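Good morning, everyone, and thank you for making the time. I would like to walk you through one structure today, with the sequence and the model on the screen as we go.

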Amino acid sequence: MAKQDPKHEETRRVLVGLDPTEIRRRISVEDYKAEDYIPSEVLASLVRAHFGQGTGVLDAAVHALYKRLMVIVACFIRRNPQWAALARRNSDIVADGTSVAWLNLISDSSAVCFAEIRFLTFVERRTFDYMRHLLADKNQAEPDAGRPGPEGEEARPRSESVVDESEETQLETAIRKQLSVTLNQALVGLPKSERRAVYLRIVQECDWATVARMLRCSVPTARQHMNRGLEKLRGELK
Amino acid sequence: MTNQETSYHEGPVTRIIEEFLSSHPEPGDKEWMTLIEANPEFALEIADAALLERGTRHVDESAVNEAFDQATFESTVSQAINLVHKTPSPTLQAVEAKISSVKGPKTLALAEKLGLGPRRELLSGVLAGRIQAPEKLLCMLATMFDSTVIVLAEHLRRSFFAAPAPSFKAEQGKPGIATRPMPWRDAVLSLELPSEETLRLLDFEKTT
């Protein structure tokens with residue numbers, strides 16, 4: 001079983017012996033520096049155990065913890081502008097991210113879940129995973145123009161590629177040098193195959209055979225994905 | 001609760017990335033590439049995670065005092081409360097199953113293991129919620145059942161309220177139903193044990 005913070009353990013032991021009215025009073029303390037403030041890790045334990053159901057303690061704990069969770073999700077998304085493209089796409093991103101983390105918290109079957117050990121990190125991880133899920137879902141139906149067809153190696157001839165060989169190298173170098181927050185933000189906004197091709201080739205500097213293998217396509221198709229992505233990122237470099 | 005929630009599900013890649021982030025709180029591109037190479041079947045999902053993670057700014061404890069959208073909270077909190085009430089607690093169910101398996105000779109064995117000696121009636125009373133377990137015993141039981149103090153305390157509280165009311169007539173005075181568990185001290189004293197044994201059992205009330 002995962003080890004809990006001794007200070008939190010002590011708070012849990014104290015709470016077990018208290019009257020429901022006193023527990024509810026302590027739950028209502030919002031200032032995290034106040035002496036009676038109940039840490040979120042302990043509230044998570046109360047909620048997961050359905051502690052004090054029928055006495056008002058459980059509902060008070062849910063209310064307080066859900067609020068903290070939503071505040072952290074909102075704050076985490078706000079502090080990371082590189083996710084702006086995803087936030088723009090889903091106006092309910094905070095509510096959705098919160099409900100995903102909430103569901104995870106109350107359905108976790110382990111004796112002690114991560115939220116009871118490090119709540120802040122738990123919320124960040126859940127939010128991060130939710131953002132990754134949104135990103136993977138993004139442009140699910142994107143046109144796959146470069147995918148190999150049954151007859152030929154690729155549906156679109158190489159000559160139609162938007163960037164030529166020498167220009168591509170210059171762009172690659174320029175982008176590698178300027179992987180700023182703005183550029184990262186633009187990268188997140190690219191369609192799936194384009195952003196993955198750009199990431200693997202430009203950021204990770206993989207050779208073309210590796211990029212193609214990971215994208216599960218041919219080398220020319222992988223190049224095409226990256227070139228399209230680079231073309232879209234060109235504006236961010238100006 | 002929301003549309004997104006229904007389409008969201010954790011896959012094996014979630015676990016892989018979580019474990020990776022636990023061991024690399026601030027991973028660089030090289031570390032991500034190592035992870036990609038170690039899990040080629042999830043290379044693209046990991047690439048997405050790496051891209052999202054670049055330059056991530058973390059939140060600290062002071063975030064709980066930041067302003068937030070009260071309207072969004074008000075419109076969703078009742079769903080969160082309902083969800084808790086209609087979702088059985090896995091931890092509570094687990095401890096219930098473990099405690100219900102402690103019957104007959106197992107009770108005596110457990111009582112001895114806990115240092116209660118042959119006083120299995122005390123342990124039975126505690127496990128049925130009739131006797132208030134002292135903090136020390138509660139902690140020991142939580143460890144034995146691979147659970148936590150909070151979960152165990154809630155289970156015992158529920159057991160007390162779920163116990164059927166006795167149907168026999170009172171032998172002395174008016175019949176009555178206990179509205180709260182019997183304190184440990186009263187339960188020990190009611191056994192009228194030799195003083196040494198009584199003191200030993202009352203020692204469970206002492207907090208360490």
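Let me start with a question: which side chain of chain B meets the side chain of Arg13(A) in a salt bridge? The partner is Glu135(B), and the distance from N to O in this pair is 3.4 Å. Please keep in mind throughout that this is a predicted model, and that the values I quote are computed from it.

That pair belongs to a wider interface. Across the boundary of chain B and chain A the rule finds 4 salt bridges, while the structure holds 22 salt bridges over all chains. In terms of contacts, 72 residues of chain B touch 79 residues of chain A. The size of an interface is often given as the accessible area lost when the parts come together. Here the two chains, B and A, bury about 7,100 Å² between them, with 63% of that on carbon and sulfur atoms.

Let me turn to a salt bridge within chain A. Glu9(A) pairs with Arg12(A), and their closest N and O atoms are 3.3 Å apart. Both of these residues sit in helix α1 of chain A, residues 6-16, where they are 3 residues apart, about one turn of the helix.

Helix α2(B), residues 12-23, packs with helix α4(B), residues 43-53, at an angle of about 45°, and their axes are 10 Å apart. That angle makes α2(B) oblique to α4(B), and their crossing is right-handed. From α2(B) the contact uses Val13(B), Ile17(B) and Leu21(B), which meet Glu45(B), Ile46(B), Ala49(B) and Glu53(B) in α4(B). By class, the residues of this contact divide into 5 nonpolar, no polar and 2 charged.

On the α7(A) side the contact is made by Arg125(A), Arg126(A), Phe128(A), Asp129(A) and Arg132(A), and on the α2(B) side by Val13(B), Thr14(B), Ile17(B), Glu18(B), Leu21(B) and Ser22(B). The residues here comprise 4 nonpolar, 2 polar and 5 charged.

Arg195(A), Arg196(A), Tyr199(A) and Leu200(A) of α10(A) meet Leu44(B), Glu45(B), Ala47(B), Asp48(B), Ala50(B) and Leu51(B) of α4(B). This contact has 6 nonpolar, no polar and 4 charged residues.

Terms used. Residues are numbered from 1 along each chain as its sequence is written. Chains are lettered from A and ligands numbered from 1 in the order in which they are written. This is a predicted model: local features need pLDDT of at least 70, side-chain atom pairs count only at pLDDT 80 or more; totals for chains, interfaces and linings use all residues. Side-chain values use heavy atoms; hydrogens and water are left out. Axes are lines fitted to C-alpha atoms, for helices over the stretch in contact, and angles run from 0 to 180 degrees between N-to-C directions. Helices (H or I, at least four residues) and strands (E, at least two) are DSSP runs, numbered from the N terminus. Angles under 35 degrees count as roughly parallel, over 145 as roughly antiparallel, 65 to 115 as roughly perpendicular and the rest as oblique. A crossing is left-handed if the near helix is turned anticlockwise from the far one by less than a right angle, and right-handed if clockwise. Contact means heavy atoms within 4.5 Å. Ala, Val, Leu, Ile, Met, Phe, Trp, Tyr, Cys and Pro count as nonpolar, Asp, Glu, Lys and Arg as charged, and the others, Gly among them, as polar. Buried area is the accessible area (1.4 Å probe) that two parts lose on being put together, summed over both.
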